[in-house]
Amino acid sequence: MKFTARQIALTLNGKVQGDPDIEVSSVSKIEKGEPGTLSFLANPAYTKYIYDTKASVVIVNEGFEPEHEISATLIRVKDAYSAFATLLEMYQQAKGRKTGISDKAAIDPSGKIGKDVYIGEFVVIGKNVIIGDRTLIYPNTVIGDNSRIGNDTCIYAGVKIYEDTVIGDQCTLHAGVVLGSDGFGFAPQEESDYKKVPQIGNVVLEDRVEIGANTTIDRATLGSTVIKRGVKLDNLIQVAHNVEIGENTVIAAQTGISGSTRIGKNCMIGGQVGIIGHLTIADGVMIAAQSGIGKSIKKEGEIVEGSPAFPVRDFKRAYIHFRRLESMAKRIDELEKKSESTEKTDE
Amino acid sequence: MKFTARQIALTLNGKVQGDPDIEVSSVSKIEKGEPGTLSFLANPAYTKYIYDTKASVVIVNEGFEPEHEISATLIRVKDAYSAFATLLEMYQQAKGRKTGISDKAAIDPSGKIGKDVYIGEFVVIGKNVIIGDRTLIYPNTVIGDNSRIGNDTCIYAGVKIYEDTVIGDQCTLHAGVVLGSDGFGFAPQEESDYKKVPQIGNVVLEDRVEIGANTTIDRATLGSTVIKRGVKLDNLIQVAHNVEIGENTVIAAQTGISGSTRIGKNCMIGGQVGIIGHLTIADGVMIAAQSGIGKSIKKEGEIVEGSPAFPVRDFKRAYIHFRRLESMAKRIDELEKKSESTEKTDE
Amino acid sequence: MKFTARQIALTLNGKVQGDPDIEVSSVSKIEKGEPGTLSFLANPAYTKYIYDTKASVVIVNEGFEPEHEISATLIRVKDAYSAFATLLEMYQQAKGRKTGISDKAAIDPSGKIGKDVYIGEFVVIGKNVIIGDRTLIYPNTVIGDNSRIGNDTCIYAGVKIYEDTVIGDQCTLHAGVVLGSDGFGFAPQEESDYKKVPQIGNVVLEDRVEIGANTTIDRATLGSTVIKRGVKLDNLIQVAHNVEIGENTVIAAQTGISGSTRIGKNCMIGGQVGIIGHLTIADGVMIAAQSGIGKSIKKEGEIVEGSPAFPVRDFKRAYIHFRRLESMAKRIDELEKKSESTEKTDE
């Protein structure tokens, strides 16, 4: 299927600069563009590639000002990244989706399955489970008793959902995700043994939540571990019992959040961050990768780094001096020597 | 089902303060308590909630001294957290457990299955596997040839157990756990290639071990990777080949332990800690979250922090000064200026 | 089955020192050696065990010079670790391998399955999948549509492979691996919401790649996430979309690599390292465990440590002074006091 630059510009509400009749049939990365493909430029670090790209058409931000000549036809839009996402979405939708319920799935009849769902081979659906319309469940996924799943949600292969879990509409759970495992709660006993604290709460994902591959979210001891609307979690993240993550917060891979911590909305949290339990993180906070959060952050929009973390500007300054600590130590040695000789002179 | 405060106090060997006839039918968190529910107070950070909680009954430590009036009936016990765990356990047992062997499981007949077990759909049990009494195996779990699993053990959905694994009594393995994958061993060859070192040992879990979701434990190259009695591992932990973890040691999420390291008993290890290979960690050692352990810790009960880690008290002091490094640098600048001007004055 | 020291030396092209007719029937660790077993000594940290080991035969490096008498028979070879790996390989091959295609697997007939493959129970193989000769696929693994898998590759239980994935010859994928999950790409929208950027690329593993348990590799947004020939990844690693990892690079557990970063060949990367996106890491670079890489490393063979990382020698020096920061602060206090008193004296 071919599209002209003009047709694409119409779809994206953009303006063509160059040949409006040039045709493309697939998409490419700007640094590996081929004739007949469409590419995009959003990250300034890739601007250098636009002058030599062989892509026929490139989507750019409306304010983009080239420094040299460009052979590709440009389509100027308000937000190139978002416009490209729209095109990819159309491309993906054209590929179609999985349908039908496999007769190799084991579905307990006590529940309720919506319309136009896909349920793959060897899926296990427990008792009293409710599944919404157009929801996709890939092979070998297990859904525990009494769970409820909304409409238009996609659950990839090998996901493990414990009993009583609630999942909203338009969520995406990637392969290997675990929802509802027991929180890590043990009461110390005599003789160094531990008594397990049963975890009788559940996990609740609101609408439009995306959870990355092999991420684990523990059920609450009491009540719910809650992931609010629009939250995006990357791969291999750990969310402990009774945590609450606010709307549209985005968290990168391998971060861990300890029990009962509440994270605000619109936060951005880097990869491999650790947050201890029972804290409150304000709305809009940004946390640099590998930081360790040991106390609550109460100021909205605060940006922190370090382990333990403090304001990012202070961290970066302190770190510059950390790298030079040896020379700093030598300067102190020198000052001490001078000071001693001054003292001796004074005597 | 309703219980009076008096009945609960009897069960827990506690003392009622308030109305002994008040009834509760479910449990709640103290900060979200509702009439007719039972709650508990163990963590001092939550003490503030007890004065306003609507929970009808609250379990507290026997020494708890309220600062204001409390409307809830109190039950005073020796250890509120442990007592609450006991109640949750009774609550959970009342819900019942899974039973029966699914005819959709694939069980090799060469092994031996105990009494009153549960085996879910699409479970695969290899050759010569022995499974103890009352053990639960949730759907889509795979148990490799020659493995032995004890009594009263619970293995949740999608666990992958390689051949020759040994698991004791009363263990809990959460969804997605991998036991017995190959250790990471490669012998460098010419031309930068690597030869795989076959891993012919196994994994042994003793009794009362709990392993969190998606945690991975590699088999030994030779001999066994051993997790001793009472060890509790949180989610997404990596345990490399030939590691040994001592009795009742507790490790938080996302920690990694490299090959052949031996960890003592009763240790407490925080989240995202990294421990390099071939080390020995003494009994009762505590390691702060995100620490990096690069050499053996020989002193029992040592508490360390940092990457690389050193005694926690020294770390905390050093870190206070790290945060102020810029001002320290300025003070040195200042001292140098003065020193120079002194020298000039002296000339 | 028994072998004499002479037979083993012949196989390994080594020289016997001691009794060439002594027999062994299994293998052991040097510190736990038993009579009738064969062991090896490669890591110098274990040299102390060779003088007391009860193993009958020990493989050592040809240059090994004992400091005391040794009762075991030695076999001297060029590279003891590699020679031992060869023996383990023979040992493992003697145990045999899985064969046959389970009638409980769900295999779409549109694809093509090679000769002498093993496909376990409840494996799902999608449309148009091509699987090479002698490849092993353990139970409950899911292989998405249009994927291609080479010859002599081993895929353990519960692996999840998304559509369009390409896997070479002689690869090993451990249990719980996820290949081809969506990259973490979201375009910010108005009102703090995010639009998902569809990920239409794939994952490509070249030949001789090994991937550890529960490691996740995301598909590319466009093009391919590429893991080149001979790469070894440990457990619980995160590889984001469009990353490229060069030949024979080895990465330890729990490391994370962000989107579009290119790592050179023959690199050695420790555990729990974080590397941000869009970077280039030169060939032969070594990165210490828990380091954070925030900018490209252009110098081949560079060794770095720290978060953010810098050359390892500088890091180690700086860290020595970090540990002493409190005493450094006191020395500055002291200098300031003296400086003030000098000033006063001068007045």
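**View 1. Salt bridges across the meeting of chain A and chain B.** Eight salt bridges turn up across the interface of chain A and chain B; a salt bridge here is a side-chain nitrogen of Lys or Arg within 4 Å of a carboxyl oxygen of Asp or Glu. In one of them, the side chains of B:Glu89 and A:Lys195 come together at 3.9 Å, N to O. Keep in mind that this is a predicted model, where local features need pLDDT of at least 70 and side-chain atom pairs count only at pLDDT 80 or more, while totals for chains, interfaces and linings use all residues. Residues are numbered from 1 along each chain as its sequence is written, chains are lettered from A and ligands numbered from 1 in the order in which they are written, and side-chain values use heavy atoms, with hydrogens and water left out.

The same interface also has 31 residue pairs in polar contact, both at pLDDT 80 or more. A polar contact is a pair of N or O atoms within 3.5 Å; within protein, one must be able to donate a hydrogen and the other to accept it, and residues adjacent in sequence count only if both atoms are side-chain atoms. On the side of chain A that touches chain B, at least two residues each come from several elements, including β23 (194-196), α3 (312-323) and α4 (325-346) of chain A. Helices (H or I, at least four residues) and strands (E, at least two) are DSSP runs, numbered from the N terminus. Sorted by class, this side of chain A has 31 nonpolar, 27 polar and 14 charged residues. For that sorting, Ala, Val, Leu, Ile, Met, Phe, Trp, Tyr, Cys and Pro are nonpolar, Asp, Glu, Lys and Arg are charged, and the others, Gly among them, are polar.

**View 2. How much of chain A and chain B gets covered up.** The contact (heavy atoms within 4.5 Å) takes 72 residues from chain A and 62 residues from chain B. About 5400 Å² is buried between chain A and chain B, with carbon and sulfur atoms giving 58% of it. Buried area is the accessible area (1.4 Å probe) that two parts lose on being put together, summed over both. In chain A, the residues that lose the most area to chain B are A:Phe184, A:Tyr194 and A:Leu222, together 12% of what that side buries.

**View 3. Chain A also meets chain C.** Here 62 residues of chain A touch 72 residues of chain C. Between them, chain A and chain C bury about 5400 Å², and 59% of that is on carbon and sulfur atoms. This pair of chains has eight salt bridges. One of the bridges links A:Glu89 with C:Lys195, whose closest N and O atoms are 3.9 Å apart. α4(A) gives the largest share of the side of chain A that touches chain C, with 10 residues. By class, that side splits into 27 nonpolar, 17 polar and 18 charged residues.

View 4. Two strands pair if DSSP finds at least two bridges between them.

View 5. C:Asp21 and C:Arg6 form a salt bridge, with the closest N and O atoms 2.7 Å apart. C:Asp21 is in the loop between β2 and β3 (23-24) of chain C and C:Arg6 is in helix α1 of chain C, so the pair ties together parts 15 residues apart in sequence.

**View 6. A nine-strand parallel sheet in chain C.** The order in this open sheet is β10-β13-β16-β19-β24-β27-β30-β33-β36 of chain C, with parallel pairing. β10 (112-113) and β36 (280-281) of chain C are at the edges with a single partner strand each, so one side of each has no neighbour in the sheet. Further in, four bridges join β24 (residues 202-205) and β27 (residues 224-227) of chain C; C:Val203 has C:Thr225 in β27(C) as its bridge partner.
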